[in-house]
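Here is a friendly look at where open space is found in this model.

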Amino acid sequence: IQAGFYELQIARDEYRIICGVDGMHVDLVRAFCELQTKLLTPICPHFCEHVWSNVLKNEGCVVTSGLPALEEPDMVIYQSGKFLDGLLTNVRSMIQKAEAPPKKKKKGTAPAGKTTVTGVTLTVNNSFTGWRKNVLETLAANMDLEWKDVLNKLLAATEDSGLSKRDLKQQLFPFAKFMSTKAKSQGEGALSVVSNIDQAQVIEGNLAFLKRALKIDDITVATTDDGSVAYPGEPLVELAKTVEEPPAAE
């Protein structure tokens, strides 16, 4: 039930929201219905037989139709979707924080005006540079080592990076651990210093969805080669704001 109903329903709802007024693709909707009908047959066979024969107009019985057969997933599409989801969550959080009402003002201070976000600029970088590039190359070359040995390799590889001990603890080590875990679940391709997806293309191809989801009409996409500004999966987000004049004191 978890995979065959709840998770599929969530995926369908997300797809419907992204499609917006353009509507969902009829062939994909039919494939979804057939897949879910097959998966739920052991749980509610009579209902699924009804859907299979009377709604989908398929011949034969669903119980003899076989298990769902799917092609290998396209990891580029999968990673593009994950990138878009993470970007939307991050930008939405930033907008909510920027537009949040000011905290209770101290006695004697002037009231603050209302802040409204009017535009968003997203700057992306499709390549890792600097110490992050060194980390990825070191991880790729030492996947079979124990983590403590990998850390020693990382320290040697980033010795000339100029990072302080605090930066090592707060930035390098968490980044290395995250990417190492990601590589174990997605394969060594996750350690590529060049992004598997064109982030600017993904954003531009989904601008209508982002504008609708964020309720912002002005979204601009830019690119950079500066790894200190942005890197794959972590674009620079800049908000354009307007501040209304606070109400006059009575």
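Around the second largest pocket sit 24 lining residues, with Phe83, Phe178, Lys182, Pro232 and Gly233 nearest its centre. The model is predicted, local features need pLDDT of at least 70 and side-chain atom pairs pLDDT 80 or more, while totals for chains, interfaces and linings use all residues. Numbering starts from 1 along each chain as its sequence is written, and side-chain values use heavy atoms, without hydrogens and water.

A pocket here is an open set of points on a 1 Å grid over the protein atoms alone, where a 1.4 Å probe fits, with protein on both sides within 12 Å along at least five of seven lines; lining residues have an atom within 4 Å of a point.

For the second largest pocket, α4 supplies the largest share of the lining, six residues. Domain 2 (75-126 + 196-244) and domain 3 (130-191) both contribute lining residues, so this pocket lies between them; the domain bounds come from an automatic or database assignment.

In the largest pocket, Ala11, Arg12, Tyr15, Leu28 and Ile77 are the closest to the centre among 36 lining residues. Here α4 gives the most, with eleven residues. Helices are DSSP runs (H or I, at least four residues), numbered from the N terminus.

| Pocket | Lining by class |
|---|---|
| Largest | 23 nonpolar, four polar, nine charged residues |

Ala, Val, Leu, Ile, Met, Phe, Trp, Tyr, Cys and Pro count as nonpolar, Asp, Glu, Lys and Arg as charged, and the others, Gly among them, as polar.

Notes: Helix = DSSP H or I, 4+ residues; strand = E, 2+ residues; numbered from the N terminus.
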